[in-house]
Amino acid sequence: MSNPDELLVGIAATVESEQSTQMSLTVVSGGAVITGRLAPEAVWRQRVAEVLLDSDRLGPFSGIFTADRGPDRPAGDGSPTHLHFHVARILQGSMGIPETGGMYRVAIDNVTAWTMGDFSYSDQ
């Protein structure tokens with residue numbers, strides 16, 4: 001079993017407890033660089049459900065995200081197990097995908113590097 005970074009777990013726990021969406025973070029996970037703002041899990045789930053509900057084909061999946069569940073927690077100490085990004089991009093070369101930002105969920109155990117803040121590009 002891996003040992004998650006206690007600083008990163010602390011950041012995730014603070015986002016959850018304060019219900020804040022203002023914490024910008026950049027992580028490396030599985031070789032991908034993901035940059036954006038963290039959201040509390042409940043806020044993230046609600047936003048994903050709204051996006052799915054707006055789709056004729058994907059609407060039935062929205063209930064999975066709004067089911068009455070607490071935040072993802074391991075059986076032991078109650079610490080968050082995932083980071084929930086919104087307005088996030090996967091950095092690829094000189095661009096971020098998607099340009100407008102997306103919703104990503106990353107297991108804290110899979111983060112190999114991270115830094116505070118997010119990255120953005122300009123054409124200058």
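Me: What makes a stretch of residues a helix here, and where does Ile64 lie?

Reply: A helix is a DSSP run of H or I with at least four residues, numbered from the N terminus. In this predicted model, Ile64 lies in helix 3, which covers residues 62-66.

Me: Why is Ile64 called exposed?

Reply: The relative accessible area of Ile64 is 54%. Exposed means over 50%, so Ile64 counts as exposed.

Me: What makes Leu58, Phe61 and Ile64 a nonpolar patch on the surface?

Reply: Nonpolar side chains, Leu, Phe and Ile among them, are joined within 5 Å when the residues have over 30% relative accessible area. Leu58, Phe61 and Ile64 form such a patch, and together they have about 290 Å² of accessible area.

Me: Why is Ser24 called buried?

Reply: Ser24, found in strand 1 (residues 24-29), has a relative accessible area of 18%. Buried means under 20%, so Ser24 is buried. Leaving aside residues up to four places away in sequence, Ser24 touches Gly36, Arg37, Met116, Gly117 and Asp118.

Me: Is Arg45 buried or exposed, and how do you know?

Reply: Arg45, in helix 2 (residues 41-53), has 11% relative accessibility. This value is under the 20% cut-off, so Arg45 counts as buried.

Me: What makes the pairing of the Arg45 and Glu41 side chains a polar contact?

Reply: The two side chains are 2.8 Å apart at this contact. A polar contact needs a pair of N or O atoms within 3.5 Å, so the value of 2.8 Å meets that cut-off.

Terms used:
Residues are numbered from 1 along each chain as its sequence is written. This is a predicted model: local features need pLDDT of at least 70, side-chain atom pairs count only at pLDDT 80 or more; totals for chains, interfaces and linings use all residues. Side-chain values use heavy atoms; hydrogens and water are left out. Patches are made of residues with over 30% relative accessible area and no salt bridge: like charges are joined within 9 Å, nonpolar side chains (Val, Leu, Ile, Met, Phe, Trp, Tyr) within 5 Å. Accessible areas come from the Shrake-Rupley method with a 1.4 Å probe; for residues, only the protein chains shown count as cover. A salt bridge is a side-chain nitrogen of Lys or Arg within 4 Å of a carboxyl oxygen of Asp or Glu. Helices (H or I, at least four residues) and strands (E, at least two) are DSSP runs, numbered from the N terminus. Buried means under 20% relative accessible area, exposed over 50%, partly exposed in between (1.4 Å probe, protein chains only). Contact means heavy atoms within 4.5 Å. A polar contact is a pair of N or O atoms within 3.5 Å; within protein, one must be able to donate a hydrogen and the other to accept it, and residues adjacent in sequence count only if both atoms are side-chain atoms.
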